[in-house]
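Reader: Please take me through the labels used for this model, setting each value against its cut-off.

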Amino acid sequence: MTSADDGPSPECTKDLLEGLKERNVKATFFVIGEKAEAYPDLIKKIQDDGHIIGNHSYTHVNLGILSKKDACEQIRKTNDAIYQITGEYPQFLRSPFGSTQKNLDCQMNMIEVLWDVDPRDWEVQNKEKVVNKVMTDVKDGDIILLHDGYDSSMLAAFEIIDRLQAQGYEFVTVDKLIFELP
């Protein structure tokens, strides 16, 4: 399963969506609220293409160091932004940096989703290094974390998908991974 963080990106999201469509792959996009508001057409396209949209905070802040009130506000504002565009509230939350607070109850009934394989694509910005890291570490049922906004990440995603599909892997959205697969 692949997930894209930090988008949508006016530079990469449209091409990423096209490449996913060509490969018949659905992904989970954890989006930043202020970017969702800035690029509602991309959010709508993600939804229309059958991908899952999750919450990745409003401004990509570390929710673990904010007050509970401010952390909940980050989540609520993003949920509201996504709802205004899609007509649906997100069910899934990925806290930036994987950092949250114990007992953070914002009364929003969301499932927190982290990742299994993080090639740190945002840091290395090198397609080959990202592909090699994922191919070395991935196993069945893993969530692969990539970021929506770097050409190197997008190109790595396509190569990873092509190689893993050739090995018999199937890519699913996080809801299917959590609720439907054995």
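Author: The buried residues of helix α4 are A71, C72, Q74, I75, T78, N79, A81, I82, I85 and T86, where buried means under 20% relative accessible area, exposed over 50% and partly exposed in between, with a 1.4 Å probe and protein chains only. These residues pack against β2 (28-31), α2 (33-38), α3, β3 (52-55) and β4 (92-93). This is a predicted model, in which local features need pLDDT of at least 70 and side-chain atom pairs count only at pLDDT 80 or more, while totals for chains, interfaces and linings use all residues. Residues are numbered from 1 along each chain as its sequence is written, and side-chain values use heavy atoms, with hydrogens and water left out.

Reader: Why is the pair of Y83 and Y89 called stacked?

Author: Rings of Phe, Tyr and Trp (its six-membered ring) pair if their centres lie within 6.5 Å, and planes under 30 degrees apart count as stacked, over 60 as edge-to-face and the rest as tilted. The ring centres of Y83 and Y89 are 4.3 Å apart and their planes lie at 10°, so the pair is stacked.

Reader: What makes Y83 count as partly exposed?

Author: Its relative accessibility is 33%, and therefore Y83 counts as partly exposed; Y89, at 47%, also counts as partly exposed.

Reader: How do you know that the pair of F92 and F179 is tilted?

Author: The centres of F92 and F179 are 6.4 Å apart, with 45° between the planes. F92 lies in strand β4 and F179 in helix α8 (residues 174-179), 87 residues apart.

Reader: Which of the two, F92 or F179, is buried and which exposed?

Author: F92 counts as buried because its relative accessibility is 1%, whereas F179, at 54%, counts as exposed.

Terms used:
Helix = DSSP H or I, 4+ residues; strand = E, 2+ residues; numbered from the N terminus. Contact = heavy atoms within 4.5 Å.
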